[in-house]
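Me: I am new to this structure and would like a close look at one part of it. Please keep the answer plain.

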There are 2 protein chains.
Amino acid sequence: MTHLLIIGGSDAGISAALRAKELDSKVDVTVVVADSFPNYSICGIPFYLSGEVPDWRNLAHRTAEEITQTGINLLLNHTAQTVYPAKKSVEIVDQQGQVQWLTYDKLIVATGAVPVKPAIEGLELPGVFLLHSMEDTFAVHQHLTNHAPQSVVIVGGGYIGLEMADALTHRGIAVTLVEHSATVMKTVDPSLGQVIGEELRRHNVEVINRVEIETIEQKGTQLIVSGTGGFHKTTDMVLVAVGVRPLTDLAPEAGLKTGQRGAIQVNRKMETNVPDIYAAGDCVETWHRLLNEYTYLPLGTTAHKQGRIAGENAVGGEQEFAGSLGTQVVKIFDLAVARTGLRDAEAQGGRFNAVTVEMDAWDHKVYYPGAHKLRIRITGDAQNGRLLGAQMVGHYQGEVAKRIDIFATALFHGMNVDELNELDLSYTPPLSSPWDPVQMSAQAWVKQQIKYHS
Amino acid sequence: MTHLLIIGGSDAGISAALRAKELDSKVDVTVVVADSFPNYSICGIPFYLSGEVPDWRNLAHRTAEEITQTGINLLLNHTAQTVYPAKKSVEIVDQQGQVQWLTYDKLIVATGAVPVKPAIEGLELPGVFLLHSMEDTFAVHQHLTNHAPQSVVIVGGGYIGLEMADALTHRGIAVTLVEHSATVMKTVDPSLGQVIGEELRRHNVEVINRVEIETIEQKGTQLIVSGTGGFHKTTDMVLVAVGVRPLTDLAPEAGLKTGQRGAIQVNRKMETNVPDIYAAGDCVETWHRLLNEYTYLPLGTTAHKQGRIAGENAVGGEQEFAGSLGTQVVKIFDLAVARTGLRDAEAQGGRFNAVTVEMDAWDHKVYYPGAHKLRIRITGDAQNGRLLGAQMVGHYQGEVAKRIDIFATALFHGMNVDELNELDLSYTPPLSSPWDPVQMSAQAWVKQQIKYHS
């Protein structure tokens, strides 16, 4: 019997376990989970803290029971300490410090990521939180319940920071969001970041740009948050969300090569450099389908895909990861903000001649009630007309997310911008136009190219 | 100077005119329009009659003024009678019977379609309407205004019939919908037709299936509608919507070859068999990208695309129509119903081994409020795993339309069902799942294939 050992019980680890078991019911699968919460939707944490999801248990993609019913062994509250590839064994420790060794035929490392701890003084103070795991979530929730803070300073205007600004506003807390860049959400271009900033302000979030937080100090029951440019803010609570880094403490001892940001290097079969050890999810470098190179791009969707491939290959499969396009969407109040592929700055290096065109389009025929304006930025290669990426912001009921997915599917196939007009997309006046906004943006891009060359 | 003459001022005709002018500002473009309403969104008619669009003028994609400002000549209220290819001239008649001849270098026939008149006695009675043109619309609107009917019988459970059932219910009229098949909307499979039937009934529409209407008689100010199986219904108004046929009266005299349903035969450059005559839109046979053959599949989106290509080629272009996938969506009350590609019955003929799997999936993580259930039917070729088509029904805010477009984009590229799992689609808990419902359906299809073969 093959022993498949998986370190990590989040998206990648559980996807790997399920896929392996689905393809080969005789394989013995054990998943080592650092906490008691396997397969939790950590993307759902803001909606628990907002109060929209009343019971945190609902955040589970699957319950521990559902997982073990498939025949998978879950070793909860155990942490892998050291991997010994020569002996094909892993040293595991439980919360009481009890050590044991598990052997494997195949090992999948899916240890995920942890929040980046920025160089801010006072991060250890009570009322200051970093947010990533379910344990972090409980700590924040307890603080919200016991101390009923009236105000919060959120440090970081990325996905988590913005979702938490929405969540805590929903809870009635006065939110100040501090972002060191000129606009929030640096993963989209500034003109879209500005739209998001306006949406935040419309919902009474105080948005502070171009400030770097330096210290947090306690003052009675409150906290004073200070930063560059003379920024000072007294608040009841601080939430720090400035990104994540791969959790790869196991890598050096195990002889696993690491690369960007310290993420484990894998090939497209999710194999590491060490025989019989795979790795997947937020702890690995990710193959980028357009850049044709490895990047660090941690996303839940990617973790699911990579985990599934690692699981399949660990039981004899030959699957290859097709690559990430960096497709992402986030809902901030009434807005959906989505992107896929490359932006100008990301398409540098001489290989691309990236040109971006911005345009507005209605999500459906404007004569039908309830039309929402979408702002679209489409990026193509001026040299060969190839589509490189798209960004879109608009009302979340304007099918922003799945419109980005049309672009993502087009990018997957290396389409030209102009070719988007050949796609047979659905139309009815309450839901689109005869040329979908995706196609209108393509036409705008092509027109600008013609103008430029004539 | 090149003279481009276009017969027909709806989607295909105006798209052709605009594209020709865009590419070659020196070409002389004249569009002969049978009524005073060029470039009207006839797909929007139900929403004018429902009262949701208060002013019919808003249904114009562009106003006549906007069109003529581009330098296009519009000859309104003129009908083309005869095309003389030998003389390259067209006989035109105005509403007073005044005849004139226009010559052309290139001609585009875009005469569209007209409603099918079924073999029902009494279609000419006052209070009985067929609906297609703006003139028909005004007649219906006038009747609604002047006679304030309390009840209507709609004959035909296709797109227009269903949209009008929604529209007239919205207006407070008691609707009876009669469809001769066992379920409404024969363009989707019966299990989805049944969901639509339930939605209609939930909104108090009386849905009568398996009845063929035979006669309509007048009885005082009312109408008695009678059909097979002893069906009788007394009503204030009757609307007949049993499909359309191509309007190709010009074809025989002009020597234009016609094919299915009498539609004009064209190649993928939208050229007819007669030199310098193109045709596009609802009056032509349409290249089907999956069937690799011509079909009759009249759709506004296709008309726009074909018109654009005809216009481009008429001024020297070499564009080819990439083909239709039959992608469609319609909103009925709170439901969106969408499809793309082929269903089992449409994929017959030995070339495909079509297998369809039906499944339900939430439009987003169910822990986040407001999740809607989507019902998806995915069709693939059991022989080679190729995706053939998809159908979806669910709440219109569940991104049904643009999810079908992900399938449509995948079909455009001939993807396999299993490959859908490689697509990097967007995810956030309020808008999707780590595997989008599109991918969940692909996984369900693949699983069923494995089960079947093992």
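How many of the 13 residues of helix 9 of chain A are buried?

Reply: This is a predicted model, in which local features need pLDDT of at least 70 and side-chain atom pairs count only at pLDDT 80 or more, while totals for chains, interfaces and linings use all residues. Residues are numbered from 1 along each chain as its sequence is written, and chains are lettered from A and ligands numbered from 1 in the order in which they are written.

In helix 9 of chain A, 13 of the 13 residues are buried, so this helix is largely enclosed by the rest of the structure. A residue is buried if 20 or more other C-beta atoms lie within 10 Å of its own, exposed if 12 or fewer, and partly exposed in between, with C-beta atoms placed from the backbone. Helices (H or I, at least four residues) and strands (E, at least two) are DSSP runs, numbered from the N terminus.

The length of the helix can be checked. The expected span is 1.5 Å times one less than the number of residues, so helix 9 of chain A should span 18 Å; its end C-alpha atoms are 18 Å apart, which agrees. After the helix comes A:Gly414, with a positive phi near 65 degrees.

Next, the neighbouring chain. Between the chains, 53 residues of chain A are in contact with 53 residues of chain B; contact means that the C-beta atoms of two residues, placed from the backbone, lie within 7 Å. On the side of chain A that touches chain B, at least two residues each come from helix 8 (300-314), strand 21 (328-332), strand 22 (335-341) and helix 9 (400-412). Helix 9 of chain A gives the most, with ten residues. By class, that side of chain A has 28 nonpolar, 15 polar and ten charged residues. Here Ala, Val, Leu, Ile, Met, Phe, Trp, Tyr, Cys and Pro count as nonpolar, Asp, Glu, Lys and Arg as charged, and the others, Gly among them, as polar.

Last, the cores. The largest nonpolar core has 187 residues, and A:Val337 and B:Val337 have the most contacts inside it. Such a core is a set of buried Ala, Val, Leu, Ile, Met, Phe, Trp, Tyr and Cys residues joined through C-beta atoms within 7 Å. Another core, of 54 residues, lies apart from the largest one and includes B:Ile6 and B:Leu75.
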